[in-house]
Amino acid sequence: MALATPPDPPFLLRDVAPGDLDDLQAAAIHLDSVNLPDDRDALARIIERSVQSFAGTLPKADRCFVFVVRDEAKGAVVGTSMIFAQHGSRRSPHVYFDVIEEERYSESLDRHFTHRLLRIGYNYKGLTEIGGLVLRPEYRGHAQQLGRLLAYVRFMYIGLHRATFCDEVVSELMPPLEPDGTSLLWEALGRRFTGLTYQEADALSRQNKEFIRALFPQDPLYATLLPANVQELIGQVGPETKGVERMLRKAGFEYAQRIDPFDGGPHFHARTDDIAHLRDLRRARVVEAQGDAGARARPLLVLSERPAPPFVLAARAVAALPDANGATLALPADVLRALALAPGDEAAF
């Protein structure tokens with residue numbers, strides 16, 4: 001009896017397409033952030049911007065690249081991740097609070113205090129931001145490690161197009177929020193200076209940050225004056241984002257001693273060229289694997305690029321690493337087929 005054709009990889013990563021709008025909104029419900037809002041019209045604009053970014057028709061500073069992972073068996077996009085080539089400009093700066101430690105000591109009282117200060121800061125020259133990483137709940141903890149693939153494909157793309165991106169990469173992590181999405185830091189601080197709810201300020205900041213510069217105090221604020229439960233939230237990572245923090249630290253990111261001025265979420269950063277996954281990025285010609293790779297086999301994320309949509313195709317594959325002499329990368333036939341690769345084509349991994 002003839003053997004059935006091996007199935008394609010069950011999950012495929014690629015750039016977002018207009019036809020993904022319904023699935024993208026289904027994923028955005030679980031994040032609903034500035035980068036990936038639960039707003040159909042905004043998501044349609046994000047998709048169009050991404051298509052133009054991958055096509056190279058937007059100025060570098062305006063490019064936003066959206067990646068998705070698709071469950072091939074169900075024909076549905078189940079997760080996303082994003083790269084903003086340049087976050088911060090003279091027109092729309094990157095805004096943050098510096099978290100500063102200040103020590104005070106009274107000799108006459110023999111009392112020592114350490115205070116935390118929050119000082120508003122602006123970055124006008126820009127840095128690259130990664131964000132929008134969300135996976136539908138039923139796919140979290142999957143054996144294919146889909147969240148990790150969505151995170152790593154961004155670093156691969158940055159490495160392959162290094163000139164498009166800035167010398168520093170930042171990730172703004174979600175902090176602990178109330179069950180209704182309220183930020184206690186915003187209620188104790190931002191709302192007092194703007195008169196806006198967290199949701200109103202969050203929505204407004206997607207198009208206009210002028211109100212932050214106009215209404216937020218420019219002098220340092222003593223966090224000591226905030227309620228104790230609010231102070232505890234400053235720079236904390238929310239429970240849903242702990243896995244992202246671990247991945248970032250493993251890649252070489254560290255806490256920048258900066259937080260989001262709205263919700264207090266921590267900013268993690270790294271020099272672009274120091275990110276481990278950029279240093280590990282390699283290219284090789286591909287061939288079809290003949291038999292099992294044996295003891296040398298290891299899981300790889302393999303990526304191919306195309307001149308037309310989909311511009312990027314990537315999938316997890318188990319293969320033997322090429323040796324130092326530049327040997328070819330032997331991939332299973334189903335992976336070659338899914339990534340639209342023919343023997344002799346070049347792939348990154």
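**A close look at helix α8**

Reply: Start at helix α8, residues 242-251, where V244, E245, M247, L248 and A251 are buried (buried is under 20% relative accessible area, exposed is over 50% and partly exposed is in between, using a 1.4 Å probe and protein chains only). Looking down the axis of α8, those buried residues sit within an arc of 165°, so they line one face of the helix (the arc is taken from the directions that run from the helix axis to the C-beta atoms). An α-helix has 3.6 residues a turn, so residues three or four places apart point the same way. Turn to the other side of α8 and you find R246 and K250, which are exposed.

Before going further, a word on what you're looking at. This is a predicted model, so local features need pLDDT of at least 70 and side-chain atom pairs count only at pLDDT 80 or more, while totals for chains, interfaces and linings use all residues. Residues are numbered from 1 along each chain as its sequence is written, and side-chain values use heavy atoms, with hydrogens and water left out.

Just past the end of α8, G252 has a positive phi of about 110°. The next stop is F253, which touches I130, F155, V169, L248, F268, H269, A270 and I275, leaving aside residues up to four places away in sequence (contact here means heavy atoms within 4.5 Å). F253 and F155 also have the most contacts inside the largest nonpolar core, a group of 44 residues. α3 gives the most to this core, with 11 residues. A nonpolar core, by the way, is a set of buried Ala, Val, Leu, Ile, Met, Phe, Trp, Tyr and Cys residues joined through side-chain atoms within 4.5 Å. In soluble globular proteins, nonpolar side chains tend to be buried together.

Most residues other than glycine have a negative phi. With 39% relative accessibility, Q257 counts as partly exposed.

One last stop brings α3 back in. R162 lies in the loop between α3 (146-160) and β7 (168-172). Is R162 buried, partly exposed or exposed? R162 is partly exposed, at a relative accessible area of 21%. Setting aside residues up to four places away in sequence, R162 touches D167, T272 and D273. With D273 there's also a side-chain polar contact of 2.8 Å (a pair of N or O atoms within 3.5 Å; within protein, one must be able to donate a hydrogen and the other to accept it, and residues adjacent in sequence count only if both atoms are side-chain atoms). And I275, one of the residues F253 touches, is 113 residues from R162 in sequence but 12 Å away in space, C-alpha to C-alpha.

Notes
Helices (H or I, at least four residues) and strands (E, at least two) are DSSP runs, numbered from the N terminus.
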